[in-house]
Amino acid sequence: MERKPVRSWLLYDWANSAFATTIMAAILPVFYYDVAAKGLEENAATSYWAYSQSIAVLIVAVMAPVLGAISDYSAAKKKFLRFFAYMGMIASVLLAFVGEGDYLFASLLLIVGTIGFSSGNVFYDAFLPEVAKGEDIDKISTRGYAYGYIGGGLLLAANVIMLIKHDWFGIPDQAAASQVAFATVGIWWFIFSIPLFKNIREEQPVKRERTQSYAMIGFKRVGNTFKEIKKFRQLLIFLLAFWLYNDGISTIIKMATIYGKDIGIDTNSLITALLITQFVGIPSTFMFGWIAGKISAKKALTVTLYAYVGIVILGFFMSTALHFYLLAICVGLVQGGAQALSRSIFGRMVPDDRHAEFFGFYGISSKFAAVFGPFVFGFVGQVTGSSRFGIISLLIFFIAGILLLKMVNIDKGMAQAKEQTNDELKVEVVSK
């Protein structure tokens, strides 16, 4: 394992996680509510933000199979990664020019930036097997996750200081400080991406004959995988549960800050709370790995989902900054654990020889599922005239997810995966 390519790969996660923390989760939602959507009717800002998130995720989900096919069939991963990364960087910097009433411009840049961020990750992830081999892959992958938490958290912390003490930096007010913060994301992302673009050499893929367009190949793969997954009943039930509760989790991540703003919590408290979530999440993820070893992964995952039910209820009744701090700590405690345990449970029930295929479907399908949560949140809030009913509507996703998860028999799912693998081996031997 060469250290320079590994470090360069890790630094990209450090670089682009600033977009997830500063723009998607913390500062842009507040700026959107206070500045970009100024003049809109009550609750409209929260609903429009939710719709923007849904549109962005839907576009990414539609593009994902095509991008996956390009990644597998071409030797241009770095070019595509660079293109989408620059798209996200430029959108981040352009957010600095959003002013009062420019909510359409802000929504457009959020959508473009999210496409750049998420699509770039398709090609970034595809470099992992090239920079780390064998047993090193799990270690390097986990380390990348940690680098993302730290890098995104550090820039967010710096931006929080700049917002709270904007006069120290000669900035007139928090709105202007927010605009500077958006620009810092693009600059941070660019600087720490340079090592990857400079030091990682792309391996030439095995020559594969291609008689169809990338789009046709990508969507045909998704369709074939869905047909195959239906043979694994326990895996399919778990996947349905995952689609539901993960949609609730991703909606809370994307909507928490703007929802807090809508119910009257001050900007500094909102952003500081998000910073707390970021750093609480690092040790808590490892803690749930330990808990899973004691009580089983399914039980540990169920604990996190019941915690999210409590978080949603707390969110409905929340009225003070203290409440939001408690909510942020609770989310930080369970967010990483829920995501990590979901991935490991899914992995246990996947046939040994088809990890890439099934995990590709896992990622793509979860993106499609994640469209509905923000849309439901925004629609319910707009119809009822209160964002509180938008947050409480997320209970549907968590309760339905918990009920389906209870039906999953992981041991049986593992047996089905093993049996299917053995059957395929037998067929292969006979055919030879």
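Residues are numbered from 1 along each chain as its sequence is written. Local features in this predicted model need pLDDT of at least 70, side-chain atom pairs count only at pLDDT 80 or more, totals for chains, interfaces and linings use all residues, and side-chain values use heavy atoms, with hydrogens and water left out.

Visitor: Which residues of α14 are buried, and how are they arranged around the helix?
Guide: Helices here are DSSP runs of H or I, at least four residues, numbered from the N terminus. Buried means under 20% relative accessible area, and exposed means over 50% (1.4 Å probe, protein chains only). On α14, Phe372 and Val383 are exposed on the other side. The buried ones sit within an arc of 125 degrees (judged by directions from the helix axis to the C-beta atoms), so they line one face: Gly373, Pro374, Phe377, Gly378 and Gly381.

Visitor: Where does α12 bend?
Guide: Helix α12 covers residues 321-348, and its end C-alpha atoms are 41 Å apart. A bend is the angle between axes fitted to the seven residues ending at a residue and the seven starting there. For α12 that angle is about 30 degrees, at Val334.

Visitor: What is the volume of the largest cavity?
Guide: On a 1 Å grid over the protein atoms alone, a cavity is a set of points where a 1.4 Å probe fits but cannot get out. Its lining includes Tyr259, Met318 and Phe324. The volume, the space filled by probe spheres set on the points, is about 70 Å³.

Key
Helices (H or I, at least four residues) and strands (E, at least two) are DSSP runs, numbered from the N terminus. The expected span of a helix is 1.5 Å times one less than its number of residues. On a 1 Å grid over the protein atoms alone, a cavity is a set of points where a 1.4 Å probe fits but cannot get out, and a pocket is an open set with protein on both sides within 12 Å along at least five of seven lines; lining residues have an atom within 4 Å of a point.
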